[in-house]
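Here is a short report on one protein chain.

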Amino acid sequence: MRFIDPPRLIAYLFFRSLVILSCVSVFGDKVESNSYILATGEDGAKALDLQQKFIAQGSYNLLQKAGLKAGMVVYDVGCGSGSMTVYLAQQVGPSGHVFAVDVSEEQLNVARLNVNEAGLTNVTFIQADAQKLDQLPIELADIVYFRYLLVHLLEPKVALENMYRRLKVGGKLAFQEPTWSTIHTNYPKEFLNQYRDSVIKLGAINGVNYNIGQSTPEMSWKLPNSFVENYELENKITLGQYKELAVIRLSEVGDKLISAGLITEETLLNWKKEIESVPVNEERYFVNLGNLTCVLVEKRKDD
Ligand SMILES: C[S@@+](CC[C@H](N)C(=O)[O-])C[C@H]1O[C@@H](n2cnc3c(N)ncnc32)[C@H](O)[C@@H]1O
């Protein structure tokens, strides 16, 4: 059995009670304040846009399998900086429509800019909680797409059910969720593994499951009248490519790991030095950004 020293235990209990308090508003509703640990707005877009370069092709392939085509109505839920919104809007064309949904107005502002820059006029932006999507007065979808969304939610099952309800009969959920315990590298230094393990622990403290990807096929089969297909996607890049993303991620979550008592300031400084010492052209080592479980769920008939 492992014993936690008293100062760490006190820091942990204090942080945990703050999390619980801030997740319950004065009305007793759960809100999303602490479960999303990444930056939002322009700051958040840096990592999301960089990550998009590495994982975009896998997302396009999934959407092609889902039958994405001109004229469709598609939702992009938890659209973030809008990198997939632009692709979806281009694919459905002027006869189709995309509803880009995010709980954060700051994220929507960035997504709106990107969509405008791409000259697209077939997107409606909606600030809404994926866990309450069934209340939206908008048309039903041919495809509801989301990526790295359930992993940040306190009520992922509720969100999944709500998004499924937004489909036409014959429509599909197409989504990708990670299992972060699969993040690995052949780089012999330990800090990337330590970083992964402490982020997963922070998720557990905040009430979210950073390994949700592996459970999503089973969750999807429980949806009424569903037909599910799924496969795993590795996301291997070189350590040199990973460097910039890692630096940004450490600046987003480092302080939260310290506040939760999971690492010290000294550890964070050491990790930053380690990653900064990697040359950008380092190709001998790889990093798997974490497997994404890709899922297609067809709604075969109404409830
Ligand atoms: C990691 S980002 C992924 C963004 C985008 N899907 C991508 O793959 O680039 C997760 C997004 O989900 C949004 N989000 C978090 N909680 C949400 C909720 N309850 N309802 C809707 N969006 C939410 C965040 O604001 C953020 O933009």
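Accessible areas here come from the Shrake-Rupley method with a 1.4 Å probe. On that basis, the accessible surface of the protein chain is about 14400 Å². Carbon and sulfur atoms hold 54% of that surface. Keep in mind that this is a predicted model.

**Overall make-up**

The protein chain has 303 residues, and 53% of them count as buried. Its secondary structure comprises 9 helices and 10 strands. Take the contacts between residues at least 6 apart in sequence: 81% of them join residues at least 24 apart.

**The pair α8 and α9**

Two packed helices are described by the angle between their axes and the distance between the axes. Helix α8 spans residues 239–259, and helix α9 spans residues 265–276. Their axes come within 10 Å and cross at roughly 175°. Angles over 145 degrees count as roughly antiparallel, so α8 and α9 are roughly antiparallel to each other.

Which residues make the contact? From α8 come Y242, K243, A246, V247, L250, G254, D255, L257 and I258. From α9 come E265, L268, W271, K272, I275 and E276. By class, the residues of this contact divide into 9 nonpolar, 1 polar and 5 charged.

**Salt bridges**

How many salt bridges does the count give? It comes to 13.

| Salt bridge | Distance, N to O |
|---|---|
| K46 and D43 | 3.6 Å |
| E161 and K157 | 3.2 Å |
| E234 and K236 | 3.9 Å |

The rule asks for a side-chain nitrogen of Lys or Arg within 4 Å of a carboxyl oxygen of Asp or Glu. At 3.9 Å, the pair of E234 and K236 meets it.

Start with K46 and D43. They are 3 residues apart in helix α2, which covers residues 41–65. That separates K46 and D43 by about one helical turn. D43 has 46% relative accessibility and counts as partly exposed.

Next come E161 and K157. They sit 4 residues apart in helix α5, residues 156–165. Here too, about one helical turn separates E161 and K157. E161 has a relative accessible area of 26%, so E161 is partly exposed.

Last, consider E234 and K236. Are they buried or partly exposed? E234 is partly exposed, at 44% relative accessibility. K236 is also partly exposed, at 44%.

Note on methods
Residues are numbered from 1 along each chain as its sequence is written. This is a predicted model: local features need pLDDT of at least 70, side-chain atom pairs count only at pLDDT 80 or more; totals for chains, interfaces and linings use all residues. Side-chain values use heavy atoms; hydrogens and water are left out. Axes are lines fitted to C-alpha atoms, for helices over the stretch in contact, and angles run from 0 to 180 degrees between N-to-C directions. Helices (H or I, at least four residues) and strands (E, at least two) are DSSP runs, numbered from the N terminus. Angles under 35 degrees count as roughly parallel, over 145 as roughly antiparallel, 65 to 115 as roughly perpendicular and the rest as oblique. Contact means heavy atoms within 4.5 Å. Ala, Val, Leu, Ile, Met, Phe, Trp, Tyr, Cys and Pro count as nonpolar, Asp, Glu, Lys and Arg as charged, and the others, Gly among them, as polar. Buried means under 20% relative accessible area, exposed over 50%, partly exposed in between (1.4 Å probe, protein chains only).
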